[in-house]
Every structure is written in structure tokens, then in C-alpha cells.
Amino acid sequence: PSSSPHMASSSTPAVSSPIAAMVVSSSTTSSLPRIGLGMAALGRPGYINLDRTTIFGDKDSRDVNVMQTRANTVMDSLFSSSTSKSTMPWLDCARSYGLSEQFVGEYLRSNDIAPSDVYVSSKWGYTYVADWKVELNAGAPHEVKDHSVENFLKQVKETSAHIGEYVNLYQVHSATFESGILSDARVHEALHTCRKENGWKIGLSVSSTSQDELIREAMKITVEDGDKLFDSVQCTYNILEQKPYNALVEAKEANMDIIIKEGLANGRSLRHPKLVQVAEKMGCKPDELALGCILAQPFQPRVLSGAVTTEQLESNLGAMDIAERLKTEGDLLKEVMDGCVMDSETYWKDRSALAWN
């Protein structure tokens, strides 16, 4: 993929904090980061990942200060690891991930991180409405979708206020046929204008059993001069949900930046016996293997970690080495992918049943 307008320059920024000092060496990176930190589970007290209570404690012990401190600790680990590996740290937010943009913006500014020394992506289209609660009344939503041009213009201002100078990529959050985003020329024009005025890449994220159809439809959308509207797609793909494979290959061939979310299936993939078996055979951790299987795919994706502890993040980052092994060590990749794949309808039905915790 082509470099972002905010990727590193050849000049060395002034250093005025320990974290800023850490990232100077990463400013020479020439490609987009392969593993980033998704803030979905760190920017708000509740999420659908399994076993959050084991990590965070009960639902009443997750006030804003507690969650921001935890987020800062994991971001510290990301920047430390990026320095040691000479890679660009990458953070992925969304307007609906609670206070994720606020947490990231305050962290980067307080540590004097230059925009050239970090890659930041965010999303618009959902509004967080859970009022910092873990559990809501039955049927009450934690976030509300609105893909209208009016909501885009509102949320892009909010994003700009929190992290504007850092944004590299701005994405439609969970595009669907029903939301109208793929056929609304007013929104397309507004997104294209945002790209021209801010220098941000424009992407979309997709979910559901229709991910492949959504990707193909999004690839058809053009703006003035015939340019493609979307530079990237963020898609759910993992050892369990593999239906979008062909569409992701096609998107890569069309020079789209491929980003994979929910690479551990909200923790569900880690319980699969085949994954555990092959991980033991390879002498690695299940999460390293699960993410490594994604990174080894021919559509050359970038992958988001959903880590909420430094230990989880460090383990997730080990997936890069496992991906390289999978490319050369026989049929282990095929063994995992063939042995773990689920029916897509069943996958999404099971996901919809996950409780916020």
C-alpha cells in the first residue's frame, strides 16, 4: 500500500518526553504497520469480548480514570514494542468506542508524539449511548448507527477536535446495504471532500454474513475523475469466519488496504481444539497462531489486536514471527484454517449472542 500523508518524514522531531524519545527511531519506517492496537475494548467499560470481568474486575470498578489509566499502560507497551522492532505504532479508534479518541488524543499530546511517528485510524457512523455503563436494560443499544451526511459532518468535527492532526485513515463504521451508505451520493461527496481537505485516507468497515458482497459493492463506488472512493476495508476474518476470503483477495488486487478486525473472534477462536493442538506442536501461544494465520494470508492484511493488557499485546505481537513460519513450515496453515472454519451464518449468530460484560 502507498504511504499515508502523515507517515514519517526524514527529519527527526524534537524530543521532550520519554515516549517521544522512544518513537524517534521508528520515524524511518517505509511501510504501513502490520499490527495495531484496536481501542474497542479499552475506550469504554463494557464490550462483548469473553472474560472481561476476570481482567477488569466487576462492572462497578471501571470508571473513566481506571479505563484511561489501563489504556495508557497498553499504549505505553505498544510504543515500547514499536521502538524495539523499528515499526510504526498504530492505534484504531471509533466515535462509538466510548472515549477512545479522547484517550488516544490526550496520550499522544501529553507524550509529545509527532503525527509523523504514529499511525491513527478512526471511524464514524455510530454514536456511543451507553452512558459509561457495562450492562443496559434488555434490548437497549450501546451504540446507535447513523450513516447520514449530517451525522458524518457532526462526527468528523468531533474526531478532528480529539485527534485531528494524527488521523491517517477515516472509516465508515460497519457499512451495510440497509444503512444506505453505499448508495448515498451526498455522503460519498462529503467523504471525498474530507480526503482532499484533510489528506486522510477513506475506508469502510464491514460486518455480517454479507461482508463479501459489501466489499465488492464498495469497490465499485467512484467519485470525480473516476477515482475510487474507498482506499481501505476493515473486515472480520479469522480462523472461524473465512467467508470473505475471495472478496479480500479481489480488494487487494484492486490496491485496497486490507485491515482485519476481531482476529481472535472476541476470544472464541482461542478455545478451538485444533488451534490449541497446532499451537502446542509449534511451541507458540494460541493467540500468536490465530493472528499469524491471518497475517500469512495472500491478501497481505494488516491486523488489529484487541489486547487490554500489556501481556496480551506482547503475545499478539508475536504473531508476525509465527506468520513467517507458517509460510514455510509445511501445511500447518492449511491444517488450522481447514480444521477451524465455521459456517458464516452460525458464526454471526453466535457473535450476536455474546453479552456485554
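This is a predicted model: local features need pLDDT of at least 70, side-chain atom pairs count only at pLDDT 80 or more; totals for chains, interfaces and linings use all residues.
**Stop 1: start at Glu 143.** Now colour by secondary structure. Glu 143 sits in strand E5 (residues 143-145), while Arg 44 is in the loop between strand E1 (35-38) and helix H2 (52-56), so the bridge ties together parts that are 99 residues apart in sequence. Glu 143 is partly exposed, at 22% relative accessibility, whereas Arg 44 is buried, at 2%.

**Stop 2: hop to Glu 165.** Pick Glu 165 together with Arg 109, and you'll have another salt bridge on screen, 2.8 Å from N to O. Glu 165 belongs to the loop between helix H5 (149-163) and strand E6 (167-175), and Arg 109 to helix H4 (residues 100-110), 56 residues apart. Glu 165 is partly exposed, with a relative accessible area of 34%, and Arg 109 is also partly exposed, at 34%.

**Stop 3: on to Arg 351.** Select Arg 351 and Glu 262, whose side chains meet in a salt bridge of 2.5 Å, N to O. Look for Arg 351 in helix H14 (residues 344-352) and for Glu 262 in the loop between strand E9 (257-261) and helix H9 (273-282); they are 89 residues apart. Glu 262 is buried, with 15% relative accessible area.

Stop 4: Finally, show Arg 95, Glu 101, Lys 154 and Glu 158 at once: salt bridges link them in a network.

Key:
Residues are numbered from 1 along each chain as its sequence is written. Side-chain values use heavy atoms; hydrogens and water are left out. Helices (H or I, at least four residues) and strands (E, at least two) are DSSP runs, numbered from the N terminus. Buried means under 20% relative accessible area, exposed over 50%, partly exposed in between (1.4 Å probe, protein chains only). A salt bridge is a side-chain nitrogen of Lys or Arg within 4 Å of a carboxyl oxygen of Asp or Glu.
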